Amino acid sequence: MLEEELDVENGQKEWGDYVLYRDGLGERLDGHVERKREWRKTERGKGVVGVSFSTDCYMDGRAGKITRNVVDALTSHEKFTRVLTRNPILALQDLDVFQDGGQYVTIGSSIPCMDSDEVGAIEPNAPAPQHRLRGLNKFNEHGVQTYVSMSPTYPTQNKADLRRQLRRVAECNPAVVFHEPINPRGANFEMTVQAAREAGEDELAKELERLRDREHWVEYATDHLRWVQEIGAELDLPVHLWPDKQLIKHVSEEEAVWLQSWRDRQSPEEFANRDIPEKSPPAFPEHRTTV
């Protein structure tokens with residue numbers, strides 16, 4: 001479809017240079033959901049529809065119009081809908097639809113770091129982190145549930161940086177804060193390193209390059225997960241960690257139990273009739289002095 005309609009030969013390599021609009025998607029979806037008798041619900045997914053986790057559903061006004069109709073179609077049929085966008089400011093144009101969706105919709109934004117230069121290098125043309133938080137704040141003020149995805153945090157961030165970031169995140173009163181460190185595998189990581197280098201963010205590029213060393217990646221990833229859990233507890237934030245399954249293979253036995261417990265744990269948000277975890281989050285097995 002990309003090749004036929006947009007002359008795109010390599011969707012991954014040309015990512016960010018093309019848009020395939022699915023005009024009329026909301027209207028078609030409305031009829032489809034109306035006819036659908038059974039709705040698949042997995043143990044972890046709970047039947048929630050994700051919009052949109054491999055592109056951005058509010059990249060511009062045309063995409064926003066499609067998203068408005070999709071959210072309206074799903075929530076009108078009482079289907080739980082999780083919206084993710086880097087542009088919640090633009091999404092405010094559809095505040096009425098989100099308010100009408102009530103308990104059936106939550107909106108979030110990915111905020112990997114508060115350094116707008118570093119984020120701009122990796123995510124060119126996307127709104128700055130401060131603007132994303134401002135948009136979520138407005139949604140929260142108007143009674144729409146929000147969440148934040150700190151994904152992925154950068155290796156240039158230390159514990160103090162993460163604390164400052166989480167304090168800012170707390171301002172929009174998110175129902176949950178998801179967190180994961182960067183995964184140094186595959187084409188996406190190569191593109192990330194190249195983007196940082198081309199943008200002149202030499203320190204970020206250097207630290208990303210260092211993650212190719214497995215031991216360094218394991219230390220960085222484990223530290224970030226531990227720090228976010230600790231700071232979240234300090235700030236009384238509903239944090240939910242997303243550890244990579246590959247990370248579990250390369251840590252100590254005690255740390256593996258800690259990480260796997262997070263992978264098995266339900267997120268603590270009151271959304272989609274979830275059973276909120278009654279037990280406290282799994283504790284880190286030991287305290288290292290890395291800062």
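Two residues are in contact when heavy atoms of one lie within 4.5 Å of heavy atoms of the other. Keep that in mind as we walk through this predicted model.

Start with Ser109. This residue lies in strand 3, which covers residues 105-110.

Now turn to Thr67. This residue sits in helix 3, made of residues 61-76. With residues up to four places away in sequence left out, Thr67 touches Val51, Cys57 and Tyr58. Its relative accessibility is 4%. The cut-off for buried is under 20%, so Thr67 counts as buried too.

Next, follow helix 11. It runs over residues 214-235 and has 22 residues. From its first C-alpha to its last, helix 11 reaches 31 Å. That is close to the 32 Å expected at 1.5 Å a residue. How many residues of helix 11 are buried? The count is 16 of the 22, so helix 11 is largely enclosed by the rest of the structure. Just after helix 11 comes Asp236, which takes a positive phi of about 55°.

Step back to the whole protein. It contains 13 helices and 6 strands. The radius of gyration is 19 Å, and the globule rule gives 19 Å for 291 residues. Along its principal axes, the C-alpha trace spans about 55 × 50 × 35 Å.

What share of the 291 residues is buried? Buried residues make up 45% of them. Contacts also reach across the sequence. Take the contacts with a separation of 6 or more: 72% of these are between residues 24 or more positions apart.

The accessible surface of the protein comes to about 15,400 Å². Carbon and sulfur atoms account for 44% of that surface. Among the side chains, 38 are positive and 52 are negative. Where do the two sets lie relative to each other? Their centres are 4 Å apart.

How values were computed. Residues are numbered from 1 along each chain as its sequence is written. This is a predicted model: local features need pLDDT of at least 70, side-chain atom pairs count only at pLDDT 80 or more; totals for chains, interfaces and linings use all residues. Side-chain values use heavy atoms; hydrogens and water are left out. Helices (H or I, at least four residues) and strands (E, at least two) are DSSP runs, numbered from the N terminus. The radius of gyration is taken over C-alpha atoms; the globule rule is 2.2 Å times the number of residues to the power 0.38. Buried means under 20% relative accessible area, exposed over 50%, partly exposed in between (1.4 Å probe, protein chains only). Accessible areas come from the Shrake-Rupley method with a 1.4 Å probe; for residues, only the protein chains shown count as cover. Lys and Arg count as positive and Asp and Glu as negative; His and the chain ends are not counted. The place of a charge is taken as NZ of Lys, CZ of Arg, CG of Asp or CD of Glu. The expected span of a helix is 1.5 Å times one less than its number of residues.
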